[in-house]
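Here is a walk through one structure. Keep the sequence and the 3D view open as you read.

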Amino acid sequence: MAIPILMPALSPTMTEGSLAKWCKNVGDEVKPGDIIAEVETDKATMEIESVDEGVLEKILFNDGTEGIGVNSLIAILKSKNDTEQDIKDILDAHDSTDNTMETAINEVNDKEEVSEIVKKASVPNVKNKINQLNDANVKEIIDNPVVNNAISSINNLDVKIAASPLAKRIALHNNIDLKNIIGSGPRGRIVKADLDNYFNKNINLINNSNFKNKDNIRKKTSLMRKIIAERLSISKKEIPHFYLSIDCNVDNLIKSREEINKTLNKELKISVNDFIIKAVATALFNVPEANCTWGNDEMIFFGSVDVSVAIAVEGGLFTPVIKNANYLNLRNISAQMKDYVIKANAGKLLPEDYEGGNFSISNLGMYGIDRFSAIINPPQSGILAVGSISKKPIVIDNEVKICNIMTCQLSGDHRAIDGAVGARLLKEFKGLIENPVKMIV
Amino acid sequence: MVKDNTYDLIIIGSGPGGYVAAIRAGQLGLKTALIEESQLGGVCLNWGCIPTKALLRASEIKHLISVSKDFGIKVDNSSYDWKLIIDRSREVADKLSKGVKYLLKKNKIDVINGRGKISGVGRVIVNDNLYTASNIILATGARPKNVNGLLSDSKNIWSYKEAMIPDKKPESILVVGAGAIGIEFASFYSDFGTEVTVIEVQNHILPNEDIDISVFVRDKLEQEGIKILTNTKIKTITSLKDKIDAEFIMQDGTSHKEKYSKSIVSIGIEANIKNIGLETVDVKQENGRIITNHFGETSEKGLFAIGDITGAPWLAHKASHEGINAVNYIFNPKEVTNHKKIIPGCTYSRPQVASIGITEKKANELGVKVKIGVFPLHGNGKAIALGDSNGFVKTIFNKDSGELIGAHMVGPEVTELISTYAIAMQLEATEMDLFNTVFPHPTVSEAIHESVLDAYDRAIHI
């Protein structure tokens, strides 16, 4: 039976992918385990591996095609006994794939089951079959057409790179990502000479820049950048942002933090950011009118306080979510954040780590930024932009005192929350962050 | 049927570069012709590597008999037959030359007998017949260098060729040049009781080896009774009726005259680039060697050169490797990797010497910070059991990266052991990979492991 190859859904947020490169040509034999193509997702470039055997009969999208919908037919694998009609059947069947998917999803409620079907629904006339299904026999009828190992390996984003032990060590010593190096050894193995070349090129670049301007560098945008661009453009275009800022005296916080950290091991120490997460969560819990989202016909007030925290990574940012942050103690929040930072830098955050979230925190204090206006991360209604802590003179009881001041600025969606609600949220936050003891209650 | 003189590939010279390249071409299905004016296998097989190893095996056995009583074995009245020793050496060479003939036939190579000369791009003339090919590989090898007229007279002044087929063993020999060839002959003749003197113009014998090795080998050879004069330059050698008169200038500038039965001149070789038609093509040359790119291609497209004619090191295995690499490139340029060629060198004297990569001195010249390990074979169980623990293994790492940059060995069968280092270097193993490698016990190869460990102060048996 001819086997359709579909654009895989490599993450729950992925609705479309780019076909980075075909690794096989039409007419090539494909064996189980062969890499058929490379697909660029919003997080990484993944390889599509075949589990079936056959000849690559048809390729529907060329190298570099962008925006191919998930589950679109991208190629067809032909087995020995296939006829022209079998191939045509697949092409015909695929024309109705969109409907098929909808039907399938409507029929089955279990979320996992849906994704299972979406992944595997590639048999001709799947529509009728799925309509008759009950959960139990889904797996039997859809007999494993092209399963994508990339799906199972999405959690394992570091694709294996062949490099000599020496090349690996030189790269490690010089902080070079081997992904940037093209290997000249057998089967593309990276050897010392490739790193030498890489160094020489860089040295030449530096040397040349003394005498002439560098050329503009054109770099294809990654899917991650595109998603950031798209979502933030929509946010700025559609959401009427309003901004409220407030100065917080964090003398007590600094003292409390020192006190707490005295007894903690280095790797367990609580950061100022952990306090901020806890304070934001508690404030949102106390001012539930601010914990909501605008939905035209209806407003949704969230039942939990899930805080997204922006983490900058190379080429973009992630916003992993501390769920139920209002119920977590500082130590739990701190441990979760440390975990997220490590995962984010390794590109190993799971979709469930960054999906959801009711409100965001963006902290640029460590870069010395006093205050800034952040863009709301839809469908959320607010984001708190946290600035640096610096000593400033303030007047307390008619006396000038030097205190540690941290300026925080709220960006709010005016469709969902009004200035007064935002102000109450900020006031609550200020009360907590200035007196961290209150957070414990 | 008219014979078709058009080929995919013509190779001129059937030495270890040429015949190996031909077999590879045959494997790939290229229509290939191999041109040889003398014997299949070239100098290496007929007059070099192989027959000398047969001779050195004889001297080794003689030596073992002489020390047999140390092992509790008494051998009374042992003797040798000089002619049979030489004959065996020739038989070994013949056997291998026949083997090459068979292999070429098996791989459907046309062997053309005669001197091949290039006659313009893609054209070769042999015995007045024209052969054409889209690719040509020059593998014409090298010959003893002509310095100060010190050329063989085939009677008393020998090149390597005469030195391996004398009618009778000479009483005394002057070996001029203490490179691998000179030292091997010195070792061979000395073991058979010839009085051997070696003169070398440089500071050390085996001047390409690490100094520690050179000094060690010199010490051993002198213990065997070989006279070694370094920093000594030959002035003249005069061939008399049945002896030679040699005049040389010592380190202090004084001139000495001495008589010897024979002289072996081994002061280097020069590439065979004359009279092969190079003037009919545009081939870049430099200091008497042909310049090629990494895949052996000369400045003339479709014309390749491999082995000795492309320069040092003048070693058979370098030629074979370059031959295979060139053929692979001709067949499919995309399939060939631009890998580094790390060529090990071996000297089969007693004691044997083997090395790869750079010496400690060279590393210092290059300004590389090094970590060096040395392991003496008297700490190696197998060597002691063999009754031959004279020797050591020296390993040099780049201190910063852990790159294995050189290895130098002296002792029993070290020529068989150097491949371990060759693999490690080609795969770019670091010290950690060698630490992690399990070496079998009891073997002399354990000394490699210990030497590596010693570079990081972790050796066990010292």
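How many residues of chain B are in contact with chain A? The count is 12 residues of chain B, which touch 13 residues of chain A. Contact here means that the C-beta atoms, placed from the backbone, lie within 7 Å. The chain B side of this contact has two nonpolar, six polar and four charged residues. Ala, Val, Leu, Ile, Met, Phe, Trp, Tyr, Cys and Pro count as nonpolar, Asp, Glu, Lys and Arg as charged, and the others, Gly among them, as polar.

This is a predicted model: local features need pLDDT of at least 70, side-chain atom pairs count only at pLDDT 80 or more, and totals for chains, interfaces and linings use all residues. Residues are numbered from 1 along each chain as its sequence is written, while chains are lettered from A and ligands numbered from 1 in the order in which they are written.

Now turn to the sheet in chain A. Four strands form an open, antiparallel sheet in the order β1-β8-β6-β3. Strands (E, at least two residues) and helices (H or I, at least four) are DSSP runs, numbered from the N terminus. Two strands pair if DSSP finds at least two bridges between them. β1 (3-6) and β3 (29-30) of chain A are the edge strands, each pairing on one side only. Strand β6 (residues 54-59) of chain A is joined to antiparallel β8 (residues 73-78) of chain A by four bridges. There, Leu56(A) stands opposite Leu77(A) of β8(A).

Finally, look at two helices. In α11(A), Asn273(A), Asp274(A), Phe275(A), Ile277(A) and Lys278(A) meet Leu330(A), Ile333(A), Ser334(A) and Met337(A) of α12(A). By class, this contact has five nonpolar, two polar and two charged residues.
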